Amino acid sequence: MNSSKIYFDNAATTHVHPQVRALMMDVLSDGSANPSSTHSAGMRARLYVEKARQQIAKSLNAQTSRLFFTSGGTESNNLAIIGYCLHNRARGTHLITSQIEHPSVLEPFRWLERNGFSVTYLAPNKEGVIAPADLQHALQKDTLLVSIMHANNEVGSLQDIRALGKICRDHHVVFHSDATQTFGKVPMSVIDDNVDLLTLSSHKVHGPKGAGALYIKDSLSLQPVLFGGGQENGQRSGTHNVEAIAGFGLAAEMAHTTPRESIRNLRQRLRNALFDRIQSIALNGSETECLDNILNVFIDGVEAIKVLHALDKKGIQISAGSACSAGKKTASHVLKAMGFDDKRASETLRFSLSAYNTADEVDRVANELSLIVDQLRGLQHAST
Amino acid sequence: MQAHENNLDLRGIPCPQNAAQAILHLSTMLFEDELVVLLDDGEPMINVPESLTLEGHKILSQEKSQDGSWLLRVQCGG
């Protein structure tokens, strides 16, 4: 067994970049006061928070003051959806989202359904893409909010949020997008992309866990979902996680200056190698409208969970689905929405790369995986 | 916050976020350059000048506008 580990599960989370880790250690020494305190020690901490706000806002072409720090993507999604709908329910109670959203989007919508709202769940096509025309048809006079993720966390399908956002803008409907998987990977401008609410996460871009943000367009008002000391201009109470926020800021800045070409090439190299070596393999998702770091494949007749454990023993870490659903026995709601059955969902693997993976790692993964697939298929033939 | 060259509108930004944003803005400026800061009345007009002075910057003048906000002229301390 090769002793070096290969981590191809970067859509679940990424390793904290060494420079980010070093900054966070500095903050723990230098910025450990409460950033809401007005004394000089508090100001040291506050400067880390505000610098991070500037770094992140700049990467989105957003007003600095409209970026609100949260504990992560889940909280940002809850705040955006529940906060906006509760504060503005007099304007309408019809909501639109997609069937392939992350549970931190779907569950707030289900909660709102139990509390007097109606929700239309748009179906994707076979490649996991939401058609803008379907959104256009689903809009009603009382539609209050549309929430469509920028890219899917399981299959990597990329949505045309600019077109979706324009439809919403033309109909005076607020548009939220969960950019957890795309922030730092796909260039974005909240103005050009017609986005009113945007969810961001730190730990998908080599920042620490425990930090996220929500961009809120300046004309919008949201009901807070956390009450307390009134931090973040009253939008999100709770003492700032200064070291995580500082790390998030630096990670965001670094992500936006990291060339993507190498990741695209690695994904293509992995795709070609797997499809060359393994019979009865198919892509889940789109060949063209996809994130450049996620490859989701179906390998007929081979249980994904067995492959995952076999690869793990070889020091290779991938996912049999999204990390959040990996511990659940239910089949992927994303693959089901794309029209695939439970069998296909249970025979699906997700590889998610980062800028720090290498071509050698890709070749080793392809080699080990093809051997494991042959072995598992051989065992099946032997037992039948 | 709206930053246009050496003007910074911090009205509506609570303490100490306003002071931190002014300090970060000044950190991009040259020694002895001037920054004009718009501030809300009340606590911001106490905290922000104090924090900027503590960071080595010089308050050149402070002038109250008709709408009750303040116009602070600050010289960058480098």
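## Conventions

Axes are lines fitted to C-alpha atoms, for helices over the stretch in contact, and angles run from 0 to 180 degrees between N-to-C directions. This is a predicted model, in which local features need pLDDT of at least 70 and side-chain atom pairs count only at pLDDT 80 or more, while totals for chains, interfaces and linings use all residues. Residues are numbered from 1 along each chain as its sequence is written, and side-chain values use heavy atoms, without hydrogens and water.

## The sheet of chain A

Chain A holds an open sheet of 7 strands with mixed pairing, in the order β2-β8-β7-β6-β5-β3-β4; strands (E, at least two residues) and helices (H or I, at least four) are DSSP runs numbered from the N terminus, and two strands pair if DSSP finds at least two bridges between them. Because β2 (67-70) and β4 (118-122) of chain A each have a single partner strand, one side of each is left without a neighbour in the sheet.

Strand β3 (residues 94-98) of chain A pairs with β4(A) in the parallel sense over 5 bridges. A:Ser98 has A:Leu122 in β4(A) as its bridge partner.

## A helix on the sheet

Helix α6 (residues 161-170) of chain A lies across β5 and β6 of chain A and runs at about 155° to β6(A).

## The interface between the chains

In chain B, 17 residues are in contact with 17 residues of chain A, contact meaning heavy atoms within 4.5 Å. A:Arg44 and B:Glu55 form a salt bridge, their closest N and O atoms lying 3.1 Å apart; the term requires a side-chain nitrogen of Lys or Arg within 4 Å of a carboxyl oxygen of Asp or Glu. On the side of chain B that touches chain A, α1 (17-26) and α2 (43-54) of chain B each supply at least two residues. The largest share, 6 residues, comes from α1(B).

Key: Chains lettered and ligands numbered in written order.
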